[in-house]
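Work through the exercises below with the sequence and the coordinates open, and try each task before reading its solution.

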Amino acid sequence: MSRNWGLGTALLALCVAVASCGGDGDSPSAVAANMSTSAQSQGNENGNGGNDNSNGNESGNEAARKNADIRVVQYVNPLIGTDYATDQPADPVGSGLGGGTFPGPTVPFGMMQWSPMTPTAQYDGRKGDGSGFSGGYWYGDTSINAFSILHLSGTGCWANGGYLNVMPQLAPGDAGTPATFDHANETAQAGYYGVTLGNGIKAELTTTLRTGFARFTYPALAQGQQATIAIDPTVLNNRAQGTTSDTVSQVGDRALSGTIAGGGFCWAGHAVPVYYYAEFSQPFAAKPALSNNRPVTLTFNVDSKHPDVMMKLGISFVSEANAKANLRAENPATDARGERNWRFDKVRRAASAAWNARLNAIQVAGGSDADKTKFYTALYHASLHPNVFNDVNGQYPDFYASNGASTAPTRRVENGRTMYANFSGWDIDRSFIQLQALLDPVRTSDIVQSLVLDAKACGAFPRWAYFNTETAVMPGDAGSIITANAYAFGATHFDTQAALSIMKASTAPGAACAGTPVMGSRADYDRLGYVPASGSGDNQSASNTLEYALRDFAVSRFATALGDTATAGALLKSSGNWQHLFDRGAIRPKTSAGAWVTDGSGFMEGNAEQYTWYVPHDLAGVIAQAGGAAPVVKRLDTFFTHLNIGTEQPYFYVGNEVTMAVPWVYAWAGAPSHTQRVLHASLANAFGPGAAGLPGNDDLGALSGWYVWAALGLYPVVPGVSGVALSSPQFEAITVRVGQQDGSYRLLHIAAPGAGSGDSASFYVKSLKLNGTSWPAAWLPLEHIAKGGKLTYAMTADASAATWGADASAMPSFPRAAGAQ
C-alpha cells in the first residue's frame with residue numbers, strides 16, 4: 001500500500017531535527033509513516049493534500065477541491081474536563097462527576113504526556129464514588145505536587161499512569177513539598193503547559209512524540225536557597241507504591257537513566273514498567289545521592305543571567321537504551337550545526353503545529369468562539385489515544401500472555417506501521433473508532449492491527465488494554481466491535497482474516513485474553529438465548545445479553561464483508577437474542593428458569609429504561625415491541641426531560657456511553673426533528689468551554705468523539721454498518737477531510753445556513769440535498785460521502801416546518817434471520 005505522506009513543517013512537529021522518528025528506522029517512508037501525525041495523511045507542506053480526480057459534476061468538483069490549513073489550535077482548552085461538571089449527574093459512574101482529563105502537553109496520539117498533579121484529584125469523600133480525576137489534576141486545587149508523565153484522559157478509575165514525579169524546588173529540603181499556584185498564572189494550550197508557582201518558580205512543559213521537555217525558571221534566590229529538581233519514581237498518580245523495583249543511575253555530569261517498576265490500571269492487570277533517560281541543560285551542582293527505590297534530589301547553579309534549568313526526558317517501554325535513542329532521535333543534544341540544542345520554544349511551536357495539522361481534519365465556520373472552543377477541544381481530546389507504543393527503532397513489548405508473566409518479549413513493528421496501545425474498549429467501540437477511520441484510515445488500520453497483534457499474544461481481543469496488559473474492567477467483546485466498526489468506515493488495511501479468526505474463536509468455551517474470559521457467560525447465552533441472572537442483585541446479566549447481541553451483529557457484518565456467509569448467518573441469528581429479555585415494553589433480566597427479575601439489577605452502569613434502546617442494529621424491532629412509533633416518541637420525550645441524570649433513574653445520561661445513540665432513535669420512529677431538538681439542548685447545556693465543560697469522564701476521548709459527531713450532524717448508530725444517521729449540524733459551514741487509503745483526503749462540505757448553538761438558531765432541518773439532489777432520508781450510506789461531496793441543509797427555527805426525514809422505513813434495521821430461536 002502506498003502512503004502519500006506530506007513532508008512539510010507540520011510534519012516535523014513530532015521530531016525536532018529528526019534523525020529517525022519512525023517505527024522501524026529502515027527507510028524515509030517508514031520514518032514518516034510512524035511519526036503518526038495527521039499532517040502526514042492530510043496534506044502536503046502547504047496543507048493542500050489529496051488527489052484531483054474531478055469528474056465534472058458537483059460531487060467530483062467538491063471532492064477534488066483542496067483546502068489549506070487554517071489556524072484553529074488557539075481554540076483548544078486542555079483544562080476542559082478538569083473540574084466537576086456544570087450539570088452533574090445524580091447517580092454518576094465512578095469518577096463521573098467530571099471529565100477526568102489532564103491539562104499537560106502531548107502531541108496527537110503521542111507516547112508521552114507530561115502534566116501537573118494536584119493533591120486532591122483522587123477520591124473525595126464529600127463527593128462519593130463520582131469524585132476523582134484520573135488525569136491527576138483537579139481544577140479546584142490550589143497547589144501542585146509534581147509534574148508526572150504518562151496520563152490517560154478521563155478514565156473511571158484513579159489508579160493509572162502518573163509516572164516519574166518531577167518537581168522544581170528552591171532548596172533540597174523542600175523535596176516532596178507541594179507548591180501553591182493560581183489559575184491566573186497558569187497557561188494550558190495544545191502542546192504546552194506553563195505555570196508560575198507561588199514560590200516564584202516558572203515551570204513549563206512541552207513534548208514530542210516520545211519525549212518531554214521542561215524549562216524551570218527560578219526567581220532570585222535568597223541565602224540558603226538553591227535551584228533544585230526533586231524526582232520521585234516511587235509515586236504513581238499521587239499514590240505511593242511502597243516496595244518497588246525502581247532503579248536509577250547517573251550518566252556523566254548531567255544525566256540520569258532509570259527504570260520505574262510501574263503499576264496496573266484500576267488495580268488490575270500487570271504492572272507496566274517504564275524506562276527513562278533524563279538529560280539536563282547544565283551539570284549537577286553536586287553529585288546526587290542515588291539509591292534504587294528512593295526519590296532523587298538534584299541541585300544546580302543558576303544566576304540572574306542564566307536563571308533556568310531545562311530537562312529533556314526520553315521514555316521507552318523496552319529499555320533505557322531505547323529511551324535514550326528516542327530522545328536522541330526526536331530532540332537531540334546538538335543540532336545540525338553541531339551546536340547545543342536546548343531550544344524549548346522551538347519544540348513548543350512544533351507541538352502546536354502538529355496539533356493544528358490534526359485539528360484541520362475538520363474546519364468549522366460560524367458560531368461563537370465558545371462554540372469553536374468546545375468543538376476543537378473535543379476533537380483534541382478525541383486525538384489523545386490510543387498511543388504510539390513502539391520506539392524509533394521499531395521495538396515494543398508484546399502484550400502479556402498472562403497477568404502472572406514476569407516479562408513480555410520484545411517485538412519489532414512491521415515495516416511501515418506503528419504499534420498503538422491503550423484501548424478503552426467498552427467506550428471507544430461506539431463511535432470514537434469510526435471517527436478515527438473516517439478522518440485517517442491509514443492510522444486507524446494500524447490501530448486495529450495493533451489490537452490484532454495483542455489478541456494473538458494474549459489469546460483474544462483484550463477488553464480494556466492498558467499499555468500491554470489486560471485489565472478486563474468492563475464487559476463484552478469490545479475488540480471485535482472496534483474492528484468491525486473501523487473496517488466499516490474505511491480502515492481496512494490490517495490482517496482481516498486473522499481478525500475474523502479471533503472473533504470466531506472468542507465464542508468458544510474458555511476463550512480468554514491473558515486468562516481473562518472474553519465473554520464469560522457466552523455458554524449460557526448460546527444455550528438459553530440470553531445471559532441468566534444468577535440471583536437478586538446481579539449487576540449485568542441483562543446488559544451482557546445486549547452486549548453479546550450487539551457484538552454478534554457487528555461481527556456478522558464484518559464476516560459478510562469478508563465473504564464468510566456461514567458465520568455471518570449464525571451471528572445474525574444470535575444478534576436477535578435481545579428479544580428473549582423484552583418484557584412489558586422494556587429489557588429486563590431473568591433467571592435460567594425463566595423468572596423475571598424485578599429488583600432493578602442486571603445492568604452495567606445503567607438501568608432498564610436506558611438499556612431498552614441498546615439494540616442499535618434492530619431499532620425497528622424494539623419500537624414495534626415497545627408499542628409502535630407514536631408511543632415511543634412520547635416515551636422518548638419523557639426520557640429526554642433530563643439530559644445527564646446518571647445510572648439509576650430512567651432518563652438520558654449524556655455523560656456515559658450506554659445512552660450515546662438514543663437521541664437518534666427518534667428517526668427510527670419517524671420523528672428526527674426531536675433528535676435535532678435533543679442534541680441542540682445537550683450540546684449547548686451539558687458541555688461548556690471551561691474546566692467544568694464535560695458532563696462525565698471522557699473515557700479516552702469517547703465522550704468527546706460523540707460530541708464531534710453530534711456537532712457534525714452525523715452519527716454511526718448501527719455497529720458494523722457503513723452509514724450514519726443524520727441530524728442538524730451545529731455550525732453553518734463545516735469541511736471534513738475524509739481520509740483515503742493512500743494517505744490523501746477528499747473534502748466533505750456541510751452547509752447549514754442559520755445553524756448554531758443559540759436559542760434563536762435554526763436547529764431544525766427543513767430539507768437536505770446531497771450533491772445538489774434532494775435527499776429525503778435521515779440515513780446516509782457512507783459510500784455517498786467516502787470520496788467527499790456536499791450536504792446542503794435548509795434550516796428552520798420552526799419545529800412544525802421540520803418535516804424532513806420522517807420516513808422511518810429508510811432507517812436500516814436488521815431483524816434476526818427467520819427461524820432463529
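The exercises that follow concern a helix, some aromatic rings and a sheet.

The model is predicted, so local features need pLDDT of at least 70 and side-chain atom pairs count only at pLDDT 80 or more, while totals for chains, interfaces and linings use all residues. Residues are numbered from 1 along each chain as its sequence is written, and side-chain values use heavy atoms, with hydrogens and water left out.

**Exercise 1.** Determine which residues of helix 4 are buried, and where they lie around the axis.

Solution. Helices (H or I, at least four residues) and strands (E, at least two) are taken as DSSP runs, numbered from the N terminus, and buried means under 20% relative accessible area with a 1.4 Å probe and protein chains only. In helix 4, residues 320-330, the buried residues are Asn322, Ala323, Asn326, Leu327, Ala329 and Glu330. Because they cover an arc of only 165° around the axis, judged by the directions from the axis to the C-beta atoms, they lie on the same side of helix 4. Their cover, with contact meaning heavy atoms within 4.5 Å, includes strand 9 (211-217), strand 15 (274-280), strand 17 (308-316) and strand 20 (395-397).

**Exercise 2.** Classify the ring pair of Phe375 and Phe731, and locate both residues in the chain.

Solution. Rings of Phe, Tyr and Trp (its six-membered ring) pair if their centres lie within 6.5 Å, and planes under 30 degrees apart count as stacked, over 60 as edge-to-face and the rest as tilted. This rule gives 39 aromatic pairs. For Phe375 and Phe731 the centres are 5.6 Å apart and the planes stand at 75°, so the pair is edge-to-face. Phe375 belongs to helix 6 (residues 369-381), whereas Phe731 lies in the loop between strand 30 (723-726) and strand 31 (733-739), 356 residues apart, so that the pair links distant parts of the chain. Phe375 is buried at 0% relative accessibility, and Phe731 is buried at 3%.

**Exercise 3.** Give the strand order of the open sheet that has 6 strands, and identify its edges.

Solution. Two strands pair if DSSP finds at least two bridges between them. The order is 18-31-32-36-33-34, with mixed pairing. Strand 18 (362-365) and strand 34 (773-774) each have a single partner strand and therefore stand at the edges, one side of each being left without a neighbour in the sheet. Strand 32 (residues 745-751) and strand 36 (residues 789-796) run parallel and are joined by 4 bridges, and Ala751 stands opposite Thr792 in strand 36.

Key
Buried < 20%, exposed > 50% of the residue type's maximum accessible area, 1.4 Å probe, protein only.
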